Amino acid sequence: QTCALPISFDPDVDFVAVTSVAATEMTLVVPATSKYSTVKDLIAAAKTRPGDLNFATPGIGSPAHLACQAFMSATGVSARHIPMKGSTESVTAVAGAQVDYTITTLSNALPLINSGRLKALAVTGAKRHDLVRHVPTMLESAPPGFVFESWSSLFAPAGVPRDVLTLLNREVVTILNEASTREFIANNGSSPRPRTLAQSAEFLRKEAQTAVELVKAIGATA
């Protein structure tokens, strides 16, 4: 799919990262009625019937699509992509058993998990999340080294003086480390991720490299 969107800026040149803010854990979910109870069950079925299983996402190139592609790349399985109009539609399609699975943000799936309409097989963070302690991580479930998180960062325009960036970083990191902030972020299915200026720049460099590889594998263009 090609989408012509004129972009008047270069994100690598025109912005500088002040700090990472939060990482949103994602979760692999299937219909509550699904016969798959673990990630290994899903992988085994996908390998037995290559291309027969399908997964929903909010659209081509979305974070959920990248997560599902990363999952397939890590496990060596193939499945059909069913792009939907948005996050709500993608999880609703899975809850209605119209689609086999999706990987979506925990905050997006949690109401349907708690109501018993979705079954969570794994979270994609490095450790279990307090909101769903019974759900294992991908690391515990199957793919070696599989960690995938949707993230947010604070940026400033390029050219902001270094001392101002340092001040902004220090103040935002202080806020992110406050107990009330951490609790608020955690209750929304995310985790605080304060970083220094240098750590933020290196994190974004690595994330961009990973994203480029996934987008190439998907074949999406902008």
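Figure 1. The view is taken from a predicted model, in which local features need pLDDT of at least 70 and side-chain atom pairs count only at pLDDT 80 or more, whereas totals for chains, interfaces and linings use all residues. Residues are numbered from 1 along each chain as its sequence is written, and side-chain values use heavy atoms, with hydrogens and water left out. Met72 belongs to helix H3, residues 63-75; helices (H or I, at least four residues) and strands (E, at least two) are DSSP runs numbered from the N terminus. With a relative accessible area of 9%, Met72 is buried (buried means under 20% relative accessible area, exposed over 50%, and partly exposed in between, with a 1.4 Å probe and protein chains only). The C-alpha atoms of Met72 and Ala46 lie 9.6 Å apart in space, the two residues being 26 apart in sequence.

Figure 2. Phe55, Phe71, Tyr101 and Phe146 make up one aromatic cluster. Rings of Phe, Tyr and Trp (its six-membered ring) pair if their centres lie within 6.5 Å; planes under 30 degrees apart count as stacked, over 60 as edge-to-face and the rest as tilted. The count under this rule is five aromatic pairs. One of them, Phe71 with Phe146, is edge-to-face, at 6.2 Å centre to centre and 85° between the planes. This pair links distant parts of the chain, 75 residues apart, as Phe71 lies in helix H3 and Phe146 in the loop between H6 and strand E6 (149-157). Phe71 is buried at 1% relative accessibility, and Phe146 is buried at 6%.

Figure 3. Trp151 and Phe203 form an edge-to-face aromatic pair, with 5.5 Å between centres and 75° between the planes. Because Trp151 lies in strand E6 and Phe203 in helix H9 (residues 197-218), the pair ties together parts that are 52 residues apart in sequence. Trp151 is partly exposed, its relative accessible area being 34%, while Phe203 counts as buried at 17%. The charged end of Arg195 sits over the ring of Phe203, 4.0 Å from its centre; the criterion is that NZ of Lys or CZ of Arg is within 6 Å of the ring centre and within 35 degrees of the ring normal.

**Figure 4. The salt bridge between Glu140 and Arg128.** The side chains of Glu140 and Arg128 form a salt bridge at 3.0 Å, N to O (a side-chain nitrogen of Lys or Arg within 4 Å of a carboxyl oxygen of Asp or Glu). Glu140 is located in helix H6 (residues 138-141) and Arg128 in the loop between strand E5 (118-123) and H6, so the pair ties together parts twelve residues apart in sequence. Both are partly exposed, Glu140 with a relative accessible area of 47% and Arg128 with 29%.

**Figure 5. Further salt bridges.** The structure holds seven salt bridges. Among them, Asp130 and Arg133 meet through their side chains at 3.6 Å, N to O; Asp130 is exposed at 64% relative accessibility, and Arg133 is partly exposed at 47%. Glu171 forms a salt bridge with Arg170, their closest N and O atoms being 3.9 Å apart. Glu171 is partly exposed at 41%, as is Arg170 at 46%. A network of salt bridges links Glu202, Arg205 and Lys206.
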